[in-house]
Amino acid sequence: KPFRLELLGSAGPAPLSGQRRPPSVGLHSGAMTQAVEGLVSDLKMLAAFETAADWREQKAMDGAFAAISWDDAVVKAALPEYLAASGAERAKVDYAFNALVPRPPQSIDGRQAVIHTWIKARLFSYNKAFPF
């Protein structure tokens with residue numbers, strides 16, 4: 001049965017008739033907002049990097065690459081877990097990533113594949129907190 005996502009500290013609306021309340025989630029609304037902003041920011045920088053690569057604009061590529069959220073501790077922690085994951089766990093994340101970024105990395109610059117892997121690790125961390 002479908003259910004509504006509840007955040008800690010939020011009683012939220014009563015469930016629809018016949019629905020159970022989902023268990024509380026470990027992130028508060030501020031963390032959720034930050035997670036969404038991090039994903040959107042990284043996706044924007046990926047688009048900027050790809051556009052710069054198409055135009056062979058090295059400085060713009062460098063700037064977009066540097067603007068990725070490399071200092072995000074949650075993604076750093078999830079990266080080795082994502083790389084070690086296999087089967088259904090990894091397939092869910094790869095499917096979600098391919099829905100967001102349908103084009104495979106080009107061979108122009110290997111950093112594009114690094115960005116792809118970073119964003120997949122971000123999605124992996126989200127899947128751990130909020131299973132897809």
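The protein has five helices and zero strands. The model is a predicted one. Read from the N terminus, the order of elements is α-α-α-α-α.

Of the 132 residues in the protein, 32% are buried. The accessible surface of the protein amounts to about 8200 Å², and carbon and sulfur atoms account for 61% of that surface. Among contacts between residues at least 6 apart in sequence, 63% link residues at least 24 apart.

**The nonpolar core**

In soluble globular proteins, nonpolar side chains tend to be buried together. Here, the largest nonpolar core holds 24 residues. Phe49, Ile115, Ile119, Leu123 and Phe124 are the members that touch the most other members. Two or more residues of this core come from each of α1, α2, α3, α4 and α5. Helix α5 provides the largest share, seven residues.

| Helix | Residues |
|---|---|
| α1 | 29-54 |
| α2 | 58-66 |
| α3 | 73-84 |
| α4 | 87-100 |
| α5 | 111-129 |

**Packing of α3 against α5**

How do the axes of α3 and α5 cross? They come within 8 Å and cross at roughly 95°. Angles of 65 to 115 degrees count as roughly perpendicular, so α3 and α5 are roughly perpendicular to each other. On the α3 side, the contact is made by Val74, Val75, Lys76, Ala78, Leu79, Glu81, Tyr82 and Leu83. On the α5 side, the residues are Thr117, Trp118, Lys120, Ala121, Arg122, Phe124, Ser125 and Lys128. By type, the residues of this contact are nine nonpolar, two polar and five charged.

Phe124 takes part in this contact and is also one of the core residues that touch the most other members. Leaving aside residues up to four places away in sequence, Phe124 touches Ala78, Glu81, Tyr82, Ala85, Glu89 and Val93. Among these, Ala78, Glu81 and Tyr82 belong to the α3 side of the contact with α5.

**Arg56 in the loop between α1 and α2**

Arg56 lies in the loop that joins α1 and α2. The phi angle of Arg56 is near 55°, a positive value in a residue other than glycine. Is Arg56 buried or exposed? The cut-off for exposed is over 50% relative accessible area, and Arg56, at 58% relative accessibility, therefore counts as exposed.

Definitions and conventions:
Residues numbered from 1 in each chain as written. Predicted model: local features only at pLDDT ≥ 70, side-chain atom pairs only at ≥ 80, totals over all residues. Heavy atoms only, no water. Helix = DSSP H or I, 4+ residues; strand = E, 2+ residues; numbered from the N terminus. Buried < 20%, exposed > 50% of the residue type's maximum accessible area, 1.4 Å probe, protein only. Contact = heavy atoms within 4.5 Å. Areas by Shrake-Rupley, 256 points an atom, 1.4 Å probe, with all protein chains shown as cover. Axes fitted to C-alpha atoms, helices over the stretch in contact; angles between N-to-C directions. Parallel < 35°, antiparallel > 145°, perpendicular 65-115°, else oblique. Nonpolar A, V, L, I, M, F, W, Y, C, P; charged D, E, K, R; others polar. Core = buried A, V, L, I, M, F, W, Y, C linked by side-chain atoms within 4.5 Å.
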